[in-house]
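Here is a set of questions and answers for working through a protein model step by step. Please keep the sequence and the 3D view at hand while you read.

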Amino acid sequence: MILRAFRRSAPAKTARPTEDSRIYAVGDVHGCFDLWRLLKAKILDDAAQANRPRNVVVLLGDIVDRGPDSCAMVEELCGDPLPGFEILCLKGNHEDYLLRFLDDLSVAPSWLTYGGLATMRSYGIDVPDDYHRDLPIEALQAEWRERLPDHHRDFLRGLKEIHVEGDFAFVHAGVRPGIPLELQSSEDLLWIRGPFLNSGEDFGKVIVHGHTISNAPEFRANRIGIDTGAFVTGRLSCLVLDADERRIIEA
């Protein structure tokens, strides 16, 4: 886990979301379904007070792993968790590993060590912490294929890697400096840290991202990071964008 110190600088005043829209960008949930439910109630209340023509919720990926309720979180998003809202869920590196393990044994050490075991348990698989000694990986992969419902698999496979709203682009991890948004690689959108986080480059859009945990949301001129480590801190952050307004609500 990488924890960054809180840094804040004034974001560009001119960046706005799509006209007549209020955008709610949610940081990495990581299986913390209880926090998501609390945050969802706050989003509903906030939207009711604003009464905008269009409300959009963008989840920035890593909805699974680490926390206890990944299965419940995916099931929630397969339905209609916020009637009247547009819901967009992006792919994070943890969703990518979850899907890859269905066919690729090589990702097992990384995925299972960094949160996959919690996800498997949420789907009813009784797997010990020392799985590599007590259970062959091939058997675990076979059980995973059997336990992951088809509609969950279809939902996860359909996740986008980037979403653009007005002057903002929403991704999981970030973007590679010097490369246009439309040419960004999946590897960078899901995994990048240093070259993106330390860049002062104008990316063409203000990048809203998760992936790298901060003590508090980071506002910079070219990016806004909102992963506050829900699974370890108990704080799930949401960025609200509406015309010139930018603020945070938390569960």
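Contact means that heavy atoms lie within 4.5 Å. The model discussed here is predicted.

Q: With which residues is Ile 63 in contact, leaving aside its neighbours within four places in sequence?
A: Ile 63 is one of the residues that touch the most other members of the largest nonpolar core, a group of 48 residues. Once its neighbours within four places in sequence are left aside, the residues in contact with Ile 63 are Val 29, His 30, Gly 31, Ser 70, Met 73, Val 74, Leu 77, Cys 89, Glu 95, Phe 155 and Leu 156.

Q: Which element gives the largest share of the largest nonpolar core?
A: Among the residues of this core that touch the most other members are Val 26, Trp 36, Leu 59 and Trp 144. The largest share of the core, 6 residues, comes from a helix, α1.

Q: At about what angle to β2 does helix α1 run?
A: Helix α1 covers residues 33-50 and lies across β2, β3, β11 and β12. Those strands belong to an open sheet with mixed pairing, in the order β4-β3-β2-β11-β12. The angle between α1 and β2 is about 165°.

Q: Why is one side of β4 and of β12 left without a neighbour in the sheet?
A: The order of the 5 strands is β4-β3-β2-β11-β12. Because β4 (86-89) and β12 (245-250) stand at the edges, one side of each is left without a neighbour, and each has a single partner strand.

Q: Which residue of β4 is the bridge partner of Val 58?
A: Strand β3, residues 54-59, pairs with β4 in the parallel sense over 4 bridges. For Val 58, the bridge partner in β4 is Leu 88.

Q: Which residue in the turn between β11 and β12 has a positive phi?
A: The two strands β11 and β12 pair in the antiparallel sense over 6 bridges, and Asp 242 has Glu 245 as its bridge partner in β12. Together β11 and β12 form a hairpin with 2 residues between them, and the residue in the turn with a positive phi, of about 55°, is Ala 243.

Q: What is the radius of gyration of the chain?
A: The secondary structure of the chain comes to 10 helices and 12 strands. For 251 residues the globule rule gives 18 Å, and the chain comes close to this value, so it is as compact as a globular protein of that length; its radius of gyration is 18 Å.

Terms used
Residues are numbered from 1 along each chain as its sequence is written. This is a predicted model: local features need pLDDT of at least 70, side-chain atom pairs count only at pLDDT 80 or more; totals for chains, interfaces and linings use all residues. Side-chain values use heavy atoms; hydrogens and water are left out. Two strands pair if DSSP finds at least two bridges between them. Axes are lines fitted to C-alpha atoms, for helices over the stretch in contact, and angles run from 0 to 180 degrees between N-to-C directions. A nonpolar core is a set of buried Ala, Val, Leu, Ile, Met, Phe, Trp, Tyr and Cys residues joined through side-chain atoms within 4.5 Å. Buried means under 20% relative accessible area, exposed over 50%, partly exposed in between (1.4 Å probe, protein chains only). The radius of gyration is taken over C-alpha atoms; the globule rule is 2.2 Å times the number of residues to the power 0.38.
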